[in-house]
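Trainee: I should like to learn how to read a sheet in a model. Please show me the general idea and then the case at hand.

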Amino acid sequence: MICYGISGNAFLDYHQFGESTSRRCVHHLVTGLVLCPALAEVYLRIPTKADSIKVTTMHKNAHKMPGMLGSLDVTKVHWKNCPTALKGQFQGQEKYASIALEAVVDHNLWFWHASFGFPGTLNDINIWERSSLLELVLNGRHKQIDHPFTLEEKPFKKLYYLVDGIYPSLSRFLSTETDPSTRLDGSFKIEQEAARKDVERGFGVLKLKFLSG
């Protein structure tokens, strides 16, 4: 049901499972994954301050960008078996039904944030407005992982994410120059877009591992 997006009654003949039994099995599986200490302590958590220091140090060495937590972006996954009743909600400009994944990825391709399940008709801004990362920023919990850093000998306290030009102008976002007018702006555009390839590589590895074939 999770992998192929099929309905609960699809298992009636092969497994002799009714729809309600199938739904309960999926619910128990997902609940077990979320509550499993071995997974929750490693994967299903927000970064700690020690994590953020380690990640920003890595990005300072790899991209020459102090204070960078990772790259934020959205990708869309083809929903092959989308029910006809939902196609209008999930079929966007790609002309096929898709589900959107928002993620923050670091240089080592570690996913520090992931929100999955948004309809393919939504763009990056619509998804950001529904994001759990935005909630983390608004409720103040994001400040718990901030630490001071310097950039060109100026002190800063808020860590930031690399984003593309569609995202709003926020203190947490460092977007690219859409129309660089100076050589310095052009150089920054090249370096920012090169560093933001981390999240594209992360999406590529994820799709290759789970969607290939």
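Mentor: We begin with confidence. This is a predicted model, in which local features need pLDDT of at least 70, side-chain atom pairs count only at pLDDT 80 or more, and totals for chains, interfaces and linings use all residues. Residues are numbered from 1 along each chain as its sequence is written, and side-chain values use heavy atoms, with hydrogens and water left out. The predictor's confidence in each residue, from 0 to 100, is called pLDDT. For the protein the mean pLDDT is 89, and 94% of residues reach 70 or more.

Trainee: Where is confidence lowest, and where is it highest?

Mentor: Where pLDDT is low, the predicted coordinates should not be read in detail. Here helix H2 (residues 37–40) has the lowest mean, 80, and strand E6 (residues 160–163) the highest, 97. Helices (H or I, at least four residues) and strands (E, at least two) are DSSP runs, numbered from the N terminus.

Trainee: How many residues of strand E2 are buried?

Mentor: Buried means under 20% relative accessible area, exposed over 50%, and partly exposed in between (1.4 Å probe, protein chains only). In E2 (residues 98–105), 8 of 8 residues are buried.

Trainee: Which residues point each way from E2?

Mentor: In a regular strand the side chains alternate between the two faces of the sheet. Ser98, Ala100, Glu102 and Val104 point one way from E2, while Ile99, Leu101, Ala103 and Val105 point the other way.

Trainee: Which strands are joined to E2 by bridges?

Mentor: Two strands pair if DSSP finds at least two bridges between them. E1 (residues 68–78) runs antiparallel to E2, with 8 bridges; Glu102 is the partner of Val74, and Ile99 that of Val77. E3 (residues 111–119) is also antiparallel to E2, with 7 bridges, and Phe111 of E3 stands opposite Val105. The hairpin of E2 and E3 has 5 residues between the strands, and there Leu109 takes a positive phi near 65°.

Trainee: What is the order of strands in the open sheet?

Mentor: The 5 strands are ordered E3-E2-E1-E6-E7, with mixed pairing. E3 and E7 (173–175) stand at the edges with a single partner strand each, so one side of each lacks a neighbour in the sheet.
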